[in-house]
Amino acid sequence: MSDDDTKDMVETVDVSPRDPDVPQAPGADVFRQLLHQAVRVADMANSQAMRMALDFAKVYEREQGVREEFENQLKQMTLMEKQATRYAEDLAGMLRSERERRQELERALAQERIASEELRRTGLQGISHLVLAATIKDRTTGTHLQRVRRYVEAIAERLGLPANLVEEYGYSSVMHDVGKIHTPDHILQSEHHLSDAEFTVIKQHCIDGEKMLGTARFFETAREIAREHHERWDGKGYPDGKKGAGISLAARIVSVADVFDALTSKRPYKEAWSAEAGLKAIEAGAGERFDPEIVAGFVALANEGVLERISLEVAASEDDDHSGAPAK
Ligand SMILES: [Fe+2]
Ligand SMILES: [Fe+2]
């Protein structure tokens with residue numbers, strides 16, 4: 001029986017006017033009450049079912065939404081995963097080619113290192129030949145050049161120059177007088193005061209030295225030193241009368257080291273000065289003949305005992321190499 005049928009029945013019962021004179025069949029009230037209750041229960045059940053249906057619809061709708069959202073997210077994740085895979089593949093490819101490029105570069109650098117090392121060896125061999133020729137001609141001793149080199153390296157290091165420049169200044173300094181190969185012996189070995197004309201010839205050794213050292217980059221500093229090691233801080237030197245920082249730093253350093261060693265060494269025309277006397281002469285020349293900053297560094301090296309140590313070490317190595325014979 002449907003709800004409508006039940007209602008119809010109740011209405012039918014309700015609308016029938018009850019005649020008080022007509023005797024009621026026994027149990028009619030009970031039946032009416034039961035019917036009312038049944039209709040109420042049916043109503044409640046009905047609205048309950050409606051509510052449940054609505055709730056279910058809502059839940060279903062929400063779940064449906066959640067599911068769609070989930071599906072969308074899943075789609076996005078799949079898309080992102082694909083993208084990430086592509087990126088990873090691209091990256092791996094890039095890394096591969098980067099690694100290959102780096103390996104190629106390392107190979108090229110290794111070859112470059114071998115080539116430049118060979119060049120350096122060739123250059124150093126060239127230096128030793130040049131220096132040998134110059135020392136034979138000039139009667140300078142190898143120890144003079146060794147000490148000058150060590151003093152120059154010590155000063156350059158003290159001035160805070162990088163290691164490669166310290167080395168370059170050092171090996172370049174031994175060539176400061178190579179131009180003397182062209183100077184006539186009678187002038188070079190003269191023990192008398194030089195005439196103006198002879199002095200003009202002497203000055204030429206700076207220009208000749210620079211020329212002899214060619215155009216290779218390896219000898220660039222050596223060329224500056226050869227040309228400028230007789231220039232003076234106050235501009236009164238030769239051959240160009242350059243002044244102050246206009247003279248290359250390497251040549252300014254060599255100038256101090258060379259003069260100090262010349263003063264403190266024995267020469268055919270003079271006795272060796274003491275280190276103290278030589279240092280005093282250098283200090284006196286600060287700001288005139290020499291760059292004051294370099295002199296200050298040199299004095300500090302003397303006070304620390306570095307100059308004396310170098311001098312002793314060079315003398316000892318000479319004894320070891322040549323059993324006391326004069327250096328070549
Ligand atoms: Fe010189
Ligand atoms: Fe010298």
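Biologist: Which residues in H7 meet which residues in H8?

Modeller: Happy to walk you through it. Please keep in mind that this is a predicted model, in which local features need pLDDT of at least 70 and side-chain atom pairs count only at pLDDT 80 or more, while totals for chains, interfaces and linings use all residues. Residues are numbered from 1 along each chain as its sequence is written, chains are lettered from A and ligands numbered from 1 in the order in which they are written, and side-chain values use heavy atoms, leaving out hydrogens and water.

From H7, the residues are Thr221, Glu224, Ile225 and Glu228, and they meet Ala250, Ala251 and Val254 of H8. Contact here means heavy atoms within 4.5 Å. The H labels stand for helices, which are DSSP runs of H or I with at least four residues, just as strands are E runs of at least two, all numbered from the N terminus.

Axes are lines fitted to C-alpha atoms, for helices over the stretch in contact, and angles run from 0 to 180 degrees between N-to-C directions. Under 35 degrees counts as roughly parallel, over 145 as roughly antiparallel, 65 to 115 as roughly perpendicular, and the rest as oblique. H7 and H8 cross in a right-handed way; that word applies if the near helix is turned clockwise from the far one by less than a right angle, and left-handed applies if anticlockwise. By class, the H7 and H8 contact has four nonpolar residues, one polar and two charged. For these classes, Ala, Val, Leu, Ile, Met, Phe, Trp, Tyr, Cys and Pro are nonpolar, Asp, Glu, Lys and Arg are charged, and the others, Gly among them, are polar.

Between H7 and H8 there is a loop, and Pro239 lies in it. The peptide bond from Tyr238 to Pro239 is cis, with omega near 5 degrees. For background, most peptide bonds are trans.

H7, which covers residues 220-228, also packs with H4, at an angle of about 50 degrees and with the axes 9 Å apart. This makes H4 oblique to H7, and their crossing is right-handed. On the H4 side the contact uses Glu168, Tyr169, Ser172 and Ser173, and on the H7 side Thr221, Ala222 and Ile225. Three of the residues in this contact of H4 with H7 are nonpolar, three polar and one charged.

Apart from neighbours within four places in sequence, Glu168 is in contact with Arg217 and Thr221.

A nonpolar core is a set of buried Ala, Val, Leu, Ile, Met, Phe, Trp, Tyr and Cys residues joined through side-chain atoms within 4.5 Å. The largest one has 30 residues, and Val256, Ile282 and Phe298 have the most contacts inside it. Helices that give two or more residues to this core include H4 (163-173), H8 (249-263), H9 (275-284) and H10 (292-303). H8 supplies the largest share, eight residues. Phe298, setting aside neighbours within four places in sequence, touches Tyr151, Ile155, Val256, Phe260, Leu279, Ile282 and Leu307. A second, separate core of 14 residues includes Ile127, Ala134, Met175 and Ala226.

For contrast, look at H9 and H10. They pack at an angle of about 160 degrees, with axes 10 Å apart, and are therefore roughly antiparallel to each other. Their crossing is left-handed. Leu279, Ile282 and Glu283 of H9 make the contact with Val295, Phe298, Val299 and Ala302 of H10. That contact has six nonpolar residues, no polar ones and one charged.

Stepping back, the protein has eleven helices and zero strands, and buried residues make up 30% of its 328 residues.

Notes:
Buried means under 20% relative accessible area, exposed over 50%, partly exposed in between (1.4 Å probe, protein chains only).
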